[in-house]
Every structure is written in structure tokens, then in C-alpha cells.
Amino acid sequence: MILVIGGRSKIGSVLIDDLLARGEQVRALTRLGEAGRFPDGVEPVAGDLADICSLAAAMSGADKVFLLCGPVENEYELNRNAIDVAQGADVRLLVRSSILGADPEAQATFARDHGACDEYLRDSELDFTIVRPNLFLQNVPETTIPAIDTDGRFYVNAGDARISMVDTRDVAAVAAVALTEPGHESQEYEVTGPEPLSYADVAAELSEVQGRTITYVDVDDDATRKVLLGYGGGEWLAGALVDLYQDYRRSGRDGYACEVSDTVDRLTGRPARSLRALLLEQLAVPS
Ligand SMILES: NC(=O)c1ccc[n+]([C@@H]2O[C@H](COP(=O)([O-])OP(=O)(O)OC[C@H]3O[C@@H](n4cnc5c(N)ncnc54)[C@H](OP(=O)(O)O)[C@@H]3O)[C@@H](O)[C@H]2O)c1
């Protein structure tokens, strides 16, 4: 039995489908109780990473755990709770979803918090695998496209950084392999897309696919923070997103964020999906 924590996220929801297709027994934890629906065949369990008792109940009878938590200020404590409870249960393997560049000393909040979580897991008694995805390609259709203004412009504080953005379905596929096939214990996988993309490249791809001129405008951090605060995600999330893109700018055209790994190919036997493929799929979906 595999317990999926974070099963309603972009990675977790696809992972559940992958695990069911592999014939695995799946239990999924959500804070939403009955309202957090999962596909047929999944055993839903109400719980919260902040609530140790609910984690113990959810892990009872599970021999493997997938652990993903949303981007929240207390992400370290929430992950630590799950790792501690798993150590006291009969969990044989914990697969954690982290972020590319995770490092307890990192300047970017997300990378620093994930780095601390990864270190805590590494120091635990558990067998573990860590998957470290780069920025999600899905952010382009979900966030960038809706933000294009009437003049065909969108605004990001990314400078000319290149980022090997990854399709979340490929991250899920890698996690499914790590959870169900032998030999992935103590492995830490960087999971990237097939190519490094600057936001100018993203604009060029969008222009090509949409048949109109789309332009990327590089904006400063203060303007970005104001826009993010306007979305209502709060100070912490706005600050963490701004400093993530600061980190990408430091990485620049050739730094860590543009590295292309062969993880998807190697573990799943097929190439990582590209932005072009994702955009064409979205275009094909009737609205
Ligand atoms: N966005 C990116 O480009 C990107 C790139 C690389 C890595 N990441 C990392 O990927 C992770 C997921 O990000 P996302 O934006 O995809 O997340 P998301 O869609 O907001 O999903 C978050 C998931 O975490 C679960 N969760 C949050 N707090 C919880 C709690 N207290 N107890 C139990 N479950 C909890 C939610 O479960 P319920 O709502 O069902 O309770 C949900 O399934 C984050 O760690 C982020 O740093 C993101």
C-alpha cells in the first residue's frame, strides 16, 4: 500500500493515476476530507501534515509514502512531522518531492526550505528517494498565458535566465518508478525538461503556437512583488516567489537552473516533454 501525501497537486494527481495503472493499492491523504475527491480505487484519508495523529493513522498499513507539501512557510516542520511518523511506522520507503537547487544554504526561500527537508530525510533511518523538479512547464499555461495583456505582453522578473522547465507529468512518472521499481533507495534525482528556456524563448514559443506576437517584458522585483500581493497569496509567498526568480537571474543563461538532466529518459524510457508539446496539447483541448 502506498500513501500519497499531496495527491491533489499537479505532480501528486498524475502520480496517483500512474500508480493505479501499475496495479498498486493507493491511499491518499487530504485536508479536505470527503470534499477532496480522488479517482475510483483510491482510499481517501482525511489528515494534515500539522497533525501527527492523523499522519500515524494514515501511515498505518502503508509500506511506502510519497511526500509532497505545498509552498508554505512552515514546510520544513510539516515535512519533518511526516518523516518522524514514517520512522515510527512500518514505512519501508519514502519518496519526497523537493526542488532543483535544494540546499540548506541556498539564498532562495523554496530552495533553502527544501534543502533543509532533504537533509532531515537523509539523516533519518528511512530508505528514501528524493526527486528534485525544476520550475514546472505547467506554469506557462496556468500563469503566464492568463497574464498576457491586450498588447501581447507578459511580465516576469527573470532577466535572461534560462530554466530547464519540466512537465509535472514527467516528475510524477519518475516518482512512480522510484516507488514501484527496485534500486532507487538513497537516490536523489534532478528532474528537468529537455531544454533550457528563457522567458524570451517562452514568448517565441507562444507566438509560434498562438499565431500572434507575444512579448516577454523583464520587470523589477518590486513591481513583481506588488502584482503577486494583489493575487492575495500573502507576504511570505510573494517574497519567496520574488527571491526564486532572483536566484534564476543569478543562475543566468548557463547556471544550475538551465542544466538538463537525463532522469526522465533514464527512469521512464521516454524523453521529457517539451513546452511546444504541452502548448500544442492545450490548443487541441476544446474550450
Ligand atoms: N510550482 C513550481 O514550478 C515548482 C517547481 C519545483 C518544485 N515545486 C514544489 O512543488 C511542491 C508542490 O507545489 P504545488 O504548487 O504544485 O502545490 P499545490 O498544487 O498547491 O499542492 C499542494 C499539495 O500539498 C498538500 N498540502 C499542503 N499543505 C498540507 C498540509 N498541511 N497537510 C497535508 N497536505 C498538505 C495539498 O493537499 P490538500 O489541499 O489536498 O490538503 C496539496 O495536495 C512545493 O513543495 C513546491 O515548492 C514547485
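## A walk through the predicted model

Setting aside neighbours within four places in sequence, Arg 162 is in contact with Pro 196, Leu 197, Ser 198, Gly 252, Arg 253, Asp 254, Ala 257 and Cys 258. Contact here means heavy atoms within 4.5 Å. Arg 162 sits in the loop between strand S7 (153–156) and helix H6. With a relative accessibility of 19%, Arg 162 counts as buried. The cut-offs are under 20% relative accessible area for buried, over 50% for exposed, and in between for partly exposed, with a 1.4 Å probe and protein chains only.

This is a predicted model, in which local features need pLDDT of at least 70 and side-chain atom pairs count only at pLDDT 80 or more, while totals for chains, interfaces and linings use all residues. Residues are numbered from 1 along each chain as its sequence is written, and side-chain values use heavy atoms, with hydrogens and water left out.

The protein as a whole comes next. The protein has 11 helices and nine strands. The radius of gyration is 19 Å, close to the 19 Å given by the globule rule for 287 residues, so the protein is as compact as a globular protein of that length. That radius is taken over C-alpha atoms, and the globule rule is 2.2 Å times the number of residues to the power 0.38. Helices (H or I, at least four residues) and strands (E, at least two) are DSSP runs, numbered from the N terminus. The C-alpha trace spans about 55 × 35 × 35 Å along its principal axes.

Of the 287 residues, 50% are buried. Among contacts with a separation of 6 or more, 75% are between residues 24 or more positions apart. The accessible surface is about 13,000 Å², and carbon and sulfur atoms account for 47% of this surface. Accessible areas come from the Shrake-Rupley method with a 1.4 Å probe, and for residues only the protein chains shown count as cover.

Strand S5 (residues 93–97) is mostly covered, with five of its five residues buried. In a regular strand, side chains alternate between the two faces of the sheet. In S5, Leu 93, Val 95 and Ser 97 point one way, Leu 94 and Arg 96 point the other way, and all are buried. Strand S4 (residues 64–67) runs parallel to S5 and is joined to S5 by four bridges. Two strands pair if DSSP finds at least two bridges between them. Lys 64 has Leu 93 in S5 as its bridge partner.

Helix H4 (residues 109–122) contains Tyr 120. Tyr 120 is partly exposed, at 26% relative accessible area. Beyond the neighbours within four places in sequence, Tyr 120 is in contact with Tyr 76, Arg 80, Ile 83 and Asp 84. Asp 84 and Tyr 120 are 36 residues apart in sequence, and their C-alpha atoms are 9.6 Å apart in space.

The loop between H6 and S8 holds His 184. His 184 counts as buried, at 11% relative accessibility. Leaving aside neighbours within four places in sequence, His 184 is in contact with Phe 128, Thr 129, Val 177, Ala 178, Tyr 189 and Leu 267. Ser 186 is also placed in the loop between helix H6 (168–180) and strand S8 (187–191). Ser 186 is partly exposed, with a relative accessible area of 47%. Although Ser 186 is not a glycine, its phi is positive, at about 65 degrees.
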